[in-house]
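Dear colleague,

I am handing over the structure below, with my notes after it. Please read them with the model open.

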Amino acid sequence: MNAPAYNFAYLDEQTKRMIRRAILKAIAIPGYQVPFASREMPMPYGWGTGGVQVTAAILGPADVLKVIDQGSDDTTNAISIRKFFAKTAGVATTTATEEATVIQTRHRIPEATLHDKQVLVYQVPIPEPLRFLEPRETETRRMHALAEYGLMHVKLYEDIARFGHISTAYAYPVKVNARYVMDPSPTPKFDNPKMDNCAALQLFGAGREKRIYAIPPYTQVVSLDFEDHPFEAYRFNAPCALCGAENSYLDEIVTDDKGGRMFVCSDTDYCEGRQAAGHHGALSAAPYKEKAHG
Amino acid sequence: MTAMIEIADAKKTFTMHLQGGIELPVVSGVTFNVNPGECVVLSGPSGAGKSLILKMIFGNYRCDSGRIGIRHRGAVVDLATAEPRQVLNIRRSTIGYVSQFLRAVPRVATIDVVAEPLIVNGMARADAQARAGELLHRLNIPERLWQLPPATFSGGEQQRVNIARGFISDLPILLLDEPTASLDAANRAVVVALVAEKKRQGVAMVAIVHDDEIRHLIADRIVDVTSFAAAA
Amino acid sequence: MVDQAALENDQPLLVAEALSKSYGRIAACRDVSFSLYPGEVLAIVGESGSGKSTLLQMLSGQLTPSGGQVSYRMRDGVTRDLTSLGEAERRFLFRTDWGYVHQDPAQGLRMAVSAGANVGERLMAVGWNHYGRIRDTASDWLTRVEIDTARIDDAPRTYSGGMRQRLQIARNLVTEPRLVFMDEPTGGLDVSVQARLLDLVRSLVAELHLAVVIVTHDLAVARLLSHRVMVMKGGRVIETGLTDQVLDDPREPYTQLLVSSILPP
């Protein structure tokens with residue numbers, strides 16, 4: 001019996017052309033949500049089908065692919081998607097951020113600064129930043145077309161009125177190229193500044209909602225705020241327990257059932273890289289060490 | 001024309017559509033003038049059309065034909081054919097009307113009812129209220145009533161509020177419908193004095209008064225309305 | 001306040017010429033013409049099916065006329081045919097220079113968002129970017145419409161009908177519009193609540209020199225608020241003139257019928 005033969009990166013060439021056209025349009029109009037004919041993928045909606053389709057459309061045989069989920073290369077989803085492309089495209093894969101040419105990510109931006117030979121592909125659940133305030137698609141499309149974004153500020157106003165500060169911690173809305181308001185996907189607001197003037201191309205894919213959007217390299221991305229409540233980058237109180245990094249986004253790990261916890265870099269590659277370079281934090285090792293998976 | 005009011009051949013017929021379209025001609029051929037500083041009193045029996053003529057001069061009732069010339073800001077305007085906007089302007093700056101019964105917006109305090117004509121024309125609220133207070137004093141309305149809406153006042157008190165409101169601004173034409181009807185002797189005297197002051201200021205007035213004594217005191221001329229009675 | 005001479009030289013703010021609207025053979029509105037000047041209140045009075053709501057929709061650019069046109073004098077002094085405005089322009093006008101008060105306040109408010117945000121939304125839509133100032137302005141307006149400022153963070157879902165309607169008015173007036181459309185603003189409210197609302201509208205109209213087109217079936221509302229009134233029946237204007245003229249000296253049979261139907265107080 002023959003093993004199934006896949007087209008390169010799973011999708012047929014016509015589909016890739018369709019997606020690439022959508023991507024080109026998205027790059028031409030930074031922050032604008034381009035509808036596309038999202039295909040049925042061998043994974044359900046909600047598991048990164050949008051990101052996978054974008055990656056599949058842009059991957060070439062010489063590319064080196066990195067896949068992370070919440071900053072980690074080792075979670076189930078990251079591994080599954082990496083294996084998927086290894087099998088259907090035969091491309092080289094890596095966990096090292098600087099070596100990758102295409103990085104597909106769920107809900108985090110890597111700590112290492114990206115360079116201009118890289119593409120960052122985000123997985124997006126709900127692309128429309130106004131969706132929870134205005135449920136009608138007809139109305140939100142009009143609002144984007146006419147740049148009527150007062151409602152977005154209403155949401156921020158409500159936060160301040162209710163909590164005393166803008167409480168949005170992730171999926172913090174941004175204005176791209178001084179025109180479109182965009183949802184950066186559920187990345188923590190900590191990551192928002194990395195999107196601004198980034199050397200890499202940033203692509204966003206939402207499979208279930210069938211939208212693609214993009215931020216070309218070196219584009220202005222500004223987080224929405226009020227003059228008297230400006231956007232503040234989040235700062236942690238303590239460095240990473242393993243590598244001592246002070247500027248990276250930390251995960252909280254519960255270590256025992258007596259309330260013990262440790263704060264560790266969410267970006268596993270970044271943390272391991274620092275430890276290999278000799279940086280150490282307060283604790284010498286993670287409570288358990290993952291066996292590296294291929 | 002030097003007269004403030006010049007009515008020529010005005011005619012009014014009511015058509016009662018709800019009563020089968022009966023036509024009630026009331027007045028026709030109404031013609032008279034009123035000069036600045038003079039008070040013309042309309043006389044005639046009840047139902048002859050005195051109030052009607054007064055209301056036609058104010059533009060409240062429309063006339064079917066004829067001319068109602070008003071000297072407004074130096075130019076003559078025919079109220080019978082004027083645009084609604086013009087009529088509003090004329091009422092704001094030229095003609096004042098003191099009706100027989102007070103018709104005030106409910107829930108507004110007496111002092112504000114009286115001050116309103118001044119405020120509408122640009123005076124500051126505090127100044128307007130001060131002027132209103134002076135007039136109310138003269139008309140013997142006690143200060144404790146000034147913050148209350150006039151709806152609960154007696155007929156005489158309401159009428160005095162009405163008069164205060166009518167006399168407070170400096171309009172060159174005043175129309176008075178029974179200004180002393182429900183008043184006692186003391187207050188009647190106040191009204192007569194107010195009318196005399198207005199005459200000295202050159203205001204043209206048309207009034208309806210039933211009381212012979214008052215009529216003698218304020219009328220410069222009497223126009224008998226029965227001469228304008230329309231043939232039935 | 002206003003300069004008298006300037007008042008009389010004003011150009012009309014809103015002009016309707018031979019407006020009509022038909023749906024197939026049904027003529028909802030026929031041949032309506034009038035001019036509205038700054039500071040004037042025009043009441044459109046009629047019973048159900050008279051065409052008054054259709055007329056209001058056409059005047060506010062929400063319905064395209066089948067015939068005739070509506071023109072509005074923009075802030076720059078140029079009078080434009082409403083249908084010649086782009087959608088962006090019309091929506092902008094609707095949010096800044098115009099107000100529209102719905103009969104049902106829930107249609108004119110965001111019920112799930114706080115009162116302060118409701119009033120502040122139009123400001124944010126025209127670029128206000130300072131939370132403190134937006135909140136202060138919203139608070140001011142709540143006071144002006146007699147809503148306790150302690151309720152500024154409550155959603156209108158928690159408000160009574162009269163409060164919601166007053167909030168709707170504040171929301172509309174915060175950008176200092178020159179023209180306000182009102183569709184039966186007191187419909188469905190208790191009598192005492194109506195009275196309070198009418199008093200408020202009356203004083204705001206005078207204070208802000210607003211031009212208003214108000215649709216109502218209630219002649220008492222027309223008498224209280226309006227300078228001019230247009231009586232409609234079957235899509236046509238039956239009679240028009242100064243409010244006191246039309247209500248005290250009604251000429252047309254239908255007007256006489258309407259006026260005689262008012263219950264005496």
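C:Pro38 sits in the loop of chain C that runs between β2 (26-36) and β3 (41-46). Bear in mind that this is a predicted model. Apart from residues up to four places away in sequence, C:Pro38 touches C:Asp10, C:Leu13, C:Arg178, C:His209 and C:Ala211. C:Ser160 lies 122 residues from C:Pro38 in sequence, and their C-alpha atoms are 32 Å apart.

Next, the side of chain C that touches chain A. Here 16 residues of chain C are in contact with 13 residues of chain A. On the chain C side, at least two residues each come from α3 (87-96), α5 (115-125) and α6 (131-144). The most come from α5(C), which gives 6 residues. By type, this side of chain C has 7 nonpolar, 6 polar and 3 charged residues.

Last, the nonpolar cores. The largest has 205 residues, and the members with the most contacts inside it are A:Ile23, B:Val114, B:Ala164, B:Leu175 and C:Ile44. Beyond its neighbours within four places in sequence, A:Ile23 is in contact with A:Val54, A:Ala57, A:Leu203, A:Ile212 and A:Ala214. There is also a second, separate core of 12 residues, with A:Leu242, A:Ala245, A:Tyr249 and A:Cys271 among them.

Regards

How values were computed
Residues are numbered from 1 along each chain as its sequence is written. Chains are lettered from A and ligands numbered from 1 in the order in which they are written. This is a predicted model: local features need pLDDT of at least 70, side-chain atom pairs count only at pLDDT 80 or more; totals for chains, interfaces and linings use all residues. Two residues are in contact if their C-beta atoms, placed from the backbone, lie within 7 Å. Helices (H or I, at least four residues) and strands (E, at least two) are DSSP runs, numbered from the N terminus. Ala, Val, Leu, Ile, Met, Phe, Trp, Tyr, Cys and Pro count as nonpolar, Asp, Glu, Lys and Arg as charged, and the others, Gly among them, as polar. A nonpolar core is a set of buried Ala, Val, Leu, Ile, Met, Phe, Trp, Tyr and Cys residues joined through C-beta atoms within 7 Å. A residue is buried if 20 or more other C-beta atoms lie within 10 Å of its own, exposed if 12 or fewer, and partly exposed in between; C-beta atoms are placed from the backbone.
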